Amino acid sequence: MEFLAVLLILVLGAVVAVWLYIANQGDASFKFIVDQRTDFTLKALTKDTAVFSTTVPFVNNGTQDGTLMDVFPRHFLPCEQFDAVDTDTRLTLDSANRTDGYWEANIVPKGTGGSIILTVKFTAKSGDIIAALKNMVDMPIDIIYQVVARSPWYLAKTRLIMTADEIHKALAAGQQTVAR
């Protein structure tokens, strides 16, 4: 009987030790640092289109490696708010730049990160992009990401604002560069 009591105590001690070990492992924790993003710059300009981009850093500041299974942008520019342009947004990993809009799953070790390139393309409905963007409004863009790590997968999002002032400055700077 004494042997069984000692064995039971040892088993319970092992279970508690394993539970404490698992509980202290933690999880991945991602953050897109939109307040450290670069300014939007003009990348391409035609008579009816303008393409802008920015670079947004991210970090896994959790205690475990994690995987960004999917990352995509969602812009908020309803026609009731501004109807002069059609808008297309894409993003890609800065270190594996793709042009097809596909996100490759990316394993991010704890304490490290990277950056994404967010691209916004405006197409003027009137055919004149300069005139169309003259009265542009601020446009929120959500960066939506799916994380797979120790805990069950989840979706999260971070919002940035592409301001009208920023668009006008990038457009003016880009036009000056083209004129030189």
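Predicted model: local features only at pLDDT ≥ 70, side-chain atom pairs only at ≥ 80, totals over all residues.
As for the strands, strand 4 covers residues 66-75 and strand 8 covers residues 139-148. The two run antiparallel and are joined by 8 bridges; V71, for one, has Y145 of strand 8 as its bridge partner. Both strands belong to an open sheet of 4 strands, laid out in the order 6-4-8-9 with antiparallel pairing. Strand 6 (106-108) and strand 9 (154-162) sit at the edges with a single partner strand each, so each has one side left without a neighbour in the sheet. On average, and with direction ignored, neighbouring strands of this sheet are turned by 35 degrees against each other.

Then there is the largest pocket, which holds about 220 Å³ of space. Its lining is made up of V51, D88, R90, L91, T92, N97, R98, T99, G101, I117, T119 and K121. Strand 5 (85-93) and strand 7 (113-124) each put at least two residues into this lining, with strand 5 giving the largest share, 4 residues.

Definitions and conventions: Residues numbered from 1 in each chain as written. Heavy atoms only, no water. Pairing = 2+ DSSP bridges. Axes fitted to C-alpha atoms, helices over the stretch in contact; angles between N-to-C directions. 1 Å grid on protein atoms, 1.4 Å probe; cavity = no way out; pocket = protein on both sides within 12 Å on 5 of 7 lines; lining within 4 Å. Points joined across faces, edges and corners; volume = space filled by probe spheres on them.
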